[in-house]
Amino acid sequence: MKLVLVGTSHHLAPLELRERVAFPREQAAALARRLARGELECVCLSTCNRTELYLAGSDPDTAEAAAATALEAVGTALYRLRDEAAALHLFRVAAGLDSMVPGEGEILGQVRTAYEIGATGPFLDRLFRQALHAGRKARAQTAIGESPASVSSAGAALAEQVFGELRGRTIVLLGAGKVSELAARNLVSRGARIAFVANRTADRATALAERLGGEALPLERVGEQLATADVVVASTSAPGYVLRRDDVEAALRGRRGRPILFVDLAVPRDLDPEISDLDGCYLYDLDDLEAVVTETLAGRRREAERAESIVATEAERFREWQASLEVVPAIASLRARAEEIRTAELAKAEARLGRLTEGELRTVESVTAQIVNKLLHLPTVRMKQAAAAADGVLYADTVRHLFGLGEDDR
Amino acid sequence: MAELLFWPALLAYGEAAVAFVGEARRPGLPGRLATWGVRIGWLVQTALLVLQASRSEGFPWTSWAGVLNLFVWLVVGAYLIWGCRARFRLLGLAVIPPAVALLALAHAGGGTRAARQTDYGSLFLALHVGLVLAAFAGFTLAAALAALYLWQERRLKRRASGILRVRVPSLAALDDLVARTIAVALPTLTLGIAVGIGRLVVSGGSFDAVVAVTLATWGVYTGFLVLRYGAGWRGRRSASLALVSLTLVAVTLPIAHFS
């Protein structure tokens, strides 16, 4: 059984090429079914950053040609990998090591979906299960996926540094644009509650407040709500500061020392930098957040080195399993021949064994079966080891020759 | 035999102290090594204390050095309640290096050897010393938590780009734990003091400087709780107060004892 991978990704193709072969779930499933003819197995992994076809069969050239035809819309921006290289690639993909942002978490779910909707057989089933295992293991044993990879998620992570769990924490949004919404959704996904959306345009504030389950507020009245807010996210297009030190200082009197986090995503800035001098106030602007993201991405890259070694180990295990497939027919033939001989010899001795009781007969059956198993155990293990070391075919042929196993077993 | 247990304990704590520094620089393996160092050190020190207790006819930790030995064990034990969690691991940076120094000091003062006998009853000493030391261990842990709070707060204020690199509990969690630890330790100290005063009254002893400092400590920490829960002192003010309180106690108690 040979493994073939044909695909394209953000490394090789720009967006305008990738979108030509970006298949929705149903189309990806249909493509996998169409390509998986006869003994061929196929999985189509299609995300916004990659489209890859994994095929397994005994004729890799034909499989590769069929896959290349299916992805011909991207022209020459295709990579083609086989066997060990293809498996290692999938394992790296599942671990997020081939992603734009190393360790991003979404890809593991996408690999799982591709596997579930794919036309898999024993080979791709094993490959994808092991890839998912490698992806989970890399995330569990390294910190590759722990740190935030975007400015808005960094804001949410900082809020957790101040407040711990964000469940029930109150958020005030200044600005009702896309940036505000993205930052708000990051906080909401961690349990925070959007209390108020303040914007110069009331309609936009109301629309966003409705989407996020908060209340719209005129920008001028934000100061009144600061006494109860835990996090303030600002991203208006106002030319000057929307909140000044004095506004915040006035609100602090009613807070009894509770901290407040200000996240300023606006350019020019919405929040007076002097707010950061106030006790219990933590202010991060866009530059600060980008510095945090840069640092965490550097951390992810360091962790990626550890994840690479985990993935390589898992890929090696798969290679050994794949190699052992070469000797499986020979092992099966050998065991069948041994069983045939054992059964025949027992049949010959039936007249002499007839005097034995039922229990004694079962013992004879069991003892002879154990002898056969013990005799064949070591050759079986050694053949699998030889297969892993690339001598499998030689050993399989030798066994067939020594034991006179039929040609039809090959 | 006690020597055979003391050195491995000190070595394990020492390894943990160094590993905690590594953890602060680059989290991961050093943190795990540090946690194991603390666990092993604490178990070995437990064995050392058991050995001391088994060889002594009365309460074995009567000298200042013996008390220090027991105190280190209590502080590290209290640390282990939270310190094994990844987020609280760095608390060890504030707890373990002083523990190493104090254990070495205890050894130098003979506190890790067999104890001499005293005139006091074993039950009284076990109750009084045990309760007071447990309370001081709690105050020490609260101070370590407060130090971690101030360190993390400073990093947040300075907007350190590596703020998310090192795993530390949230400011809210640290602030809460400082107050809760003191809220548990103070009643323990109250009980310890009550036992001590009770004995003074029964045996007709006199108040000395150590008793005065202990009572002052009780006053300081009572004041802390009043300010924290009554006046709403939180965050930096609360953490600074916890740290200053312990510093005052750590300075005045030895002076009172040896004067």
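Me: In what order do the six strands of the open sheet with parallel pairing stand in chain A?

Reply: Happy to start there, with the reminder that this is a predicted model. The pairing in this sheet is parallel, and the twist averages 20° from one strand to the next. Strands E7 (215-218) and E10 (281-285) of chain A each have a single partner strand, so they stand at the edges with one side left without a neighbour. Read across the open sheet of chain A, the order is E7-E6-E5-E8-E9-E10.

Me: Which residue of E9(A) does A:Ala234 stand opposite?

Reply: Look at strand E8 (residues 231-234) and strand E9 (residues 260-264) of chain A, which run parallel and are joined by four bridges. A:Ala234 lies in the E8 range, and its opposite residue in E9(A) is A:Asp264.

Me: Which helix packs on this sheet by touching E6 and E7 of chain A?

Reply: Two helices are worth a look here. Helix H7 (residues 151-163) of chain A lies across E8, E9 and E10 of chain A, at about 165° to E9(A). The one touching strand E6 (193-199) and E7 of chain A makes about 170° with the direction of E6(A), and it is helix H9 (residues 202-212) of chain A.

Me: Is E6(A) largely enclosed or left open by the rest of the structure?

Reply: Burial gives the answer: a residue is buried if 20 or more other C-beta atoms lie within 10 Å of its own. Six of the seven residues of E6(A) are buried, so the strand is largely enclosed.

Me: What is the handedness of the β-α-β crossover from E6(A) through H9(A) to E7(A)?

Reply: Strand E5 (residues 170-174) of chain A is joined to E6(A) by five parallel bridges, and the chain crosses from E5(A) through helix H8 (residues 178-188) of chain A to E6(A) in a right-handed crossover. Four bridges then join E6(A) to E7(A), again with the strands parallel. For the step through H9(A), the crossover is right-handed.

Me: Which element gives the most residues to the side of chain A that touches chain B?

Reply: The contact involves 24 residues of chain A and 18 residues of chain B. H7, E10 and helix H12 (286-324) of chain A each supply at least two residues of the chain A side. By class, that side divides into nine nonpolar, nine polar and six charged residues. With seven residues, the element that gives the most is H12(A).

Me: In what order do the four strands of the open antiparallel sheet stand in chain A?

Reply: Here the edge strands are E2 and E4 of chain A; each has a single partner strand, so one side of each is left without a neighbour in the sheet. The twist averages 15° from one strand to the next. The order is E2-E3-E1-E4.

Me: What is the bridge partner of A:Ser46 in E3(A)?

Reply: E2(A) and E3(A) pair in the antiparallel sense over six bridges, and a hairpin of three residues joins them. At another of their bridges, A:Glu41 has A:Ala56 as its partner in E3(A). For A:Ser46, the partner is A:Thr51.

Me: How many of the six residues of strand E2 (residues 41-46) of chain A are buried?

Reply: Take the two directions in turn. A:Glu41, A:Val43 and A:Leu45 point one way, A:Cys42, A:Cys44 and A:Ser46 the other, and all are buried. H6(A) lies across E1, E2 and E3 of chain A, at about 35° to E2(A). The count for E2(A) is six of six.

Me: At roughly what angle do the axes of H15 and H16 of chain A cross?

Reply: Their contact is made by A:Met383, A:Ala386 and A:Ala387 of H15(A) with A:Gly392, A:Tyr395, A:Ala396 and A:Val399 of H16(A). By class, that is six nonpolar, one polar and no charged residues. The axes come within 7 Å, and the crossing angle is roughly 145°.

Methods:
Residues are numbered from 1 along each chain as its sequence is written. Chains are lettered from A and ligands numbered from 1 in the order in which they are written. This is a predicted model: local features need pLDDT of at least 70, side-chain atom pairs count only at pLDDT 80 or more; totals for chains, interfaces and linings use all residues. Two strands pair if DSSP finds at least two bridges between them. Axes are lines fitted to C-alpha atoms, for helices over the stretch in contact, and angles run from 0 to 180 degrees between N-to-C directions. Two residues are in contact if their C-beta atoms, placed from the backbone, lie within 7 Å. Ala, Val, Leu, Ile, Met, Phe, Trp, Tyr, Cys and Pro count as nonpolar, Asp, Glu, Lys and Arg as charged, and the others, Gly among them, as polar. A residue is buried if 20 or more other C-beta atoms lie within 10 Å of its own, exposed if 12 or fewer, and partly exposed in between; C-beta atoms are placed from the backbone. A crossover is right-handed if, with the strands pointing away from the viewer, the path from the first strand over the helix to the second runs clockwise.
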